[in-house]
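Subject: The structure we talked about

Hi,

Here is the structure I promised you.

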Amino acid sequence: MELRAYLAILWRRRWIALILPALVLAGVVLQAVQSRPSYTATARLIVTRVPQEAPPDVFRYDEYYLYLTNEYTVDDFTEVVRGNVFAADVEQRLARTTGMQISAGEVQGALSVERRNRALTIRATSFDPQRAVAIAQAAAQTLEERGTAYFGFDDASRRAIISVIEQPLGAASDTRRQQMLWALQLAVAVVGGVLVAFLVDYLADTLDTAEAVQDALGLPVIGVIPVRRS
């Protein structure tokens, strides 16, 4: 079948092809009107383990094992930040320093964490930008203050030095993901509308063109009476 034949089918079934995208477009507009943007505040920290003292005649491997320990420590801190014990400590700090009553469950749901080498990135997401900044700041301060106390280390020689290298001073809204989702919905609706139009045309028992009549009856077409539209 030639391209113009496909285009002719789409033109005949254009209303069917447009119904699904139109409905999805209405839904996207409704989502856009009702959606609430979320805001994310980011804090970054550097984690370094304190080197253990050793006699001067003991080989230190150029602090290789210290760097290796730092890597494992940062991995452990990612799990600490995800836990409900850390969230409860952040809740208490927020109530004590800012007076904000944010539950530990909300704190835990707002926080996300990732690591890169010795750097730890903590993000707090909320519908309220001030709330996001407050949670991120409290999380960074709690981790900086307690550190390896979460591991049960009481010995000062086993502690970690945690330094904030980026303070969460503001929260940015990121609507790109939602916009991409809406665009994907519309694209799927357009493709779906086209497929439904071709399916309806395939299942229809009417003969709309001279070629269709010729193929169906196996007889040559002598002439075509054009449709006159007023």
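**What I found**

If you take the contacts in the chain between residues at least 6 apart in sequence, 76% of them join residues at least 24 apart. Before you go on, keep in mind that this is a predicted model.

**The overall picture**

The chain has 230 residues, and 26% of them count as buried. It exposes about 15,700 Å², with carbon and sulfur atoms supplying 57% of that area. Walk along the sequence and the pattern reads α-α-β-α-α-α-β-β-α-β-β-α-α.

**Salt bridges**

How many salt bridges does the count come to? The count is eight.

Take Arg 12 and Asp 201, whose side chains meet in a salt bridge at 3.0 Å, N to O. This pair links distant parts of the chain, with Arg 12 in helix H1 and Asp 201 in helix H7 (residues 176–203), 189 residues apart. Asp 201 also forms a salt bridge with Arg 13, and here the closest N and O atoms are 3.1 Å apart. Arg 13 sits in the loop between H1 and helix H2 (14–34) while Asp 201 lies in H7, so this pair ties together parts that are 188 residues apart in sequence.

Are these three residues buried or exposed? Asp 201 is buried, because its relative accessible area is 15% and the cut-off for buried is under 20%. Arg 13 counts as buried too, at 16% relative accessibility. Arg 12, on the other hand, is partly exposed at 31%.

Another salt bridge joins Glu 114 and Arg 123, with the closest N and O atoms 3.3 Å apart. Glu 114 is partly exposed, with a relative accessible area of 44%, and Arg 123 is partly exposed as well, at 24%.

**A hairpin to look for**

Next, find strand S2 (residues 111–116) and strand S3 (residues 119–126), which pair in the antiparallel sense over six bridges. Arg 116 has Ala 119 in S3 as its bridge partner. Together S2 and S3 make a hairpin with two residues between them. One to click on in the turn is Asn 117, which has a positive phi of about 55 degrees.

Which residues does Asp 89 touch, leaving aside its neighbours within four places in sequence? It is in contact with Thr 142, Arg 146 and Tyr 150. With Arg 146, the Asp 89 side chain makes a polar contact, side chain to side chain, at 2.8 Å. You'll find Asp 89 in helix H4 (residues 84–97). It counts as buried because its relative accessibility is 17%, and buried means under 20%.

**Something on the surface**

Last one: Leu 3, Tyr 6 and Leu 7 form a nonpolar patch on the surface, and together they have about 320 Å² of accessible area. Leu 3 belongs to helix H1 (residues 3–12). Is Leu 3 buried or exposed? With a relative accessible area of 62%, Leu 3 is exposed, since the cut-off for that is over 50%.

Cheers

Notes: Residues are numbered from 1 along each chain as its sequence is written. This is a predicted model: local features need pLDDT of at least 70, side-chain atom pairs count only at pLDDT 80 or more; totals for chains, interfaces and linings use all residues. Side-chain values use heavy atoms; hydrogens and water are left out. Patches are made of residues with over 30% relative accessible area and no salt bridge: like charges are joined within 9 Å, nonpolar side chains (Val, Leu, Ile, Met, Phe, Trp, Tyr) within 5 Å. Accessible areas come from the Shrake-Rupley method with a 1.4 Å probe; for residues, only the protein chains shown count as cover. A salt bridge is a side-chain nitrogen of Lys or Arg within 4 Å of a carboxyl oxygen of Asp or Glu. Helices (H or I, at least four residues) and strands (E, at least two) are DSSP runs, numbered from the N terminus. Buried means under 20% relative accessible area, exposed over 50%, partly exposed in between (1.4 Å probe, protein chains only). A polar contact is a pair of N or O atoms within 3.5 Å; within protein, one must be able to donate a hydrogen and the other to accept it, and residues adjacent in sequence count only if both atoms are side-chain atoms. Contact means heavy atoms within 4.5 Å. Two strands pair if DSSP finds at least two bridges between them.
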